[in-house]
Amino acid sequence: MTELNRRKMLIVSGGATVLGAMGMARPAWAWSPSGSVAGAGAGTDPKWVWDAEADPVVAAMLDRGQVAAVNQALRTWTRNDQPTPSGLPPDLREFVEHARQLPSWANQSTLDKAADFMKVSGRFVNLLNGLGGGMLSTAIPNEARAVYYSKGGADMKDRVAKTAKLGYDVGSLNAYRPDGQMIVSAVKTRLVHAAVRHLLPQSPHWQQGIPISQNDMLVTWHTLPTYTMRKLTDWRVRVSSAHSAAYLHSWQVTGHMLGIRDEYLPSTWDAAYAQSKQVLDPAMGPTREGVELTDILLDMLAEQTSPGRADRPMVNALARHIIGDRFSEWNGIPREPIWDPLIGTAFPALVAFHEKLIPLPLVPQAAWVLDEAIRRYIRLWLSEGRPVNIEIPDMNRPS
């Protein structure tokens, strides 16, 4: 038995009791829809709500064997201002026409302020959304298993590229403008989720019922804007009240476009933090699949920052610094006796320098090595460095 496999067994077996306790401890749904962008709602537990609009349409398309033709048609749709592609089945075309419309409460001037925020703090936001959110997602059992056993889990480089495209599009300066791509990416991702909900229950490896519920989507949502805003505050990154509100608004719109009901989308950061405690905290824990996915993701990042994986220890230390020891242990990220203390000193100094809180002479040399690694990560994985098509799967992970 290899050391990695032995470590995985210890992590998963040691976490079984944790997962059981967390599952039993999950409180009844108590978050009030009065704190949502809708301001009202039925208050139904999102764990038992999926996507009533997308799911039957995509299931019917899959049953008719039309996935290949639909993906081919959708490849031509890349910009928000392009018409819905011709050649789609009538029921799917009708759904896409409806799903591509921004909610009535979306405010373009506020979305423009979110773009301004990315100009100022995009380096750290992209790092937290990309590396931080990615590492948190593998520490969510439902999400890790859904990724692992769906078609995308067999080719993680392609899967990460598609996830990175969504992250790039939502953070782009023209995300929801006519020449942007976020509407397209969100609708395509919504179709992918509907396909996974139809396909994954057919896998002998999946025992969790229908995946990607509204609760699951909220869990993922909180690993992105909610987690990012908390960490920016912890890191003393200065965020104006206007930028803070705009960043939240951009993710409210994004949540809606991905199919989250308005009654579940928090209207304020305080509402988001309260909801996160109820949905994200009890959803997290260790799994074998999460450990394997983490190892793949960190290998990929190390290959981009330094060919030959020479910088994997540094990447491990950076990941541990961003997500903390508990989640790192669940994900099987090893401690690095050399890099851990260096990152612990260099990263706060790097943030302080970019925030103009300390002068250049006080920045340690290790911070510039780290800064270059972050720059390469953002350039290669959160950019349009290569064409990426978000496509509907037609099968689960091959055995």
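**Entry 1, the starting point.** I am working with a predicted model, in which local features need pLDDT of at least 70 and side-chain atom pairs count only at pLDDT 80 or more, while totals for chains, interfaces and linings use all residues. I number residues from 1 along each chain as its sequence is written, and my side-chain values use heavy atoms, with hydrogens and water left out.

Helices here are DSSP runs of H or I with at least four residues, numbered from the N terminus, and the axes are lines fitted to C-alpha atoms over the stretch in contact, with angles running from 0 to 180 degrees between N-to-C directions. On the α5 side I noted Arg123, Phe124 and Leu127, which meet Phe347, Val351 and His354 of α15; contact means heavy atoms within 4.5 Å. The residues of this contact divide into four nonpolar, one polar and one charged, where Ala, Val, Leu, Ile, Met, Phe, Trp, Tyr, Cys and Pro count as nonpolar, Asp, Glu, Lys and Arg as charged, and the others, Gly among them, as polar.

A cavity is a set of points, on a 1 Å grid over the protein atoms alone, where a 1.4 Å probe fits but cannot get out, and its lining residues have an atom within 4 Å of a point. The largest cavity has a volume of about 180 Å³, the volume being the space filled by probe spheres set on the points, which are joined across faces, edges and corners. I counted 22 residues in its lining, and those nearest its centre are Val170, Gly171, Ser172, Ala175 and Ser250. Two or more lining residues come from each of α5 (108–137), α7 (156–171) and α10 (241–257), and α5 gives the most, with nine. By type, I recorded twelve nonpolar, eight polar and two charged residues in the lining of the largest cavity.

His249, which I located in helix α10, counts as buried because its relative accessibility is 8%; buried means under 20% relative accessible area, exposed over 50%, and partly exposed in between, with a 1.4 Å probe and protein chains only. Leaving aside neighbours within four places in sequence, I found His249 in contact with Trp105, Ala106, Asn107, Thr110 and Leu111. Tyr273 is in helix α11 (residues 269–279), and its 22% relative accessibility is why I list Tyr273 as partly exposed. With the sequence neighbours within four places again set aside, Tyr273 is in contact with Thr226, Met229 and Arg230. The buried residues of α11, including Trp269 and Gln275, pack against α9 (214–234) and α10.

Lys356, in the loop between α15 and α16 (365–381), has a positive phi of about 60°, and I list Lys356 as exposed because its relative accessibility is 70%.

Technical notes:
1 Å grid on protein atoms, 1.4 Å probe; cavity = no way out; pocket = protein on both sides within 12 Å on 5 of 7 lines; lining within 4 Å.
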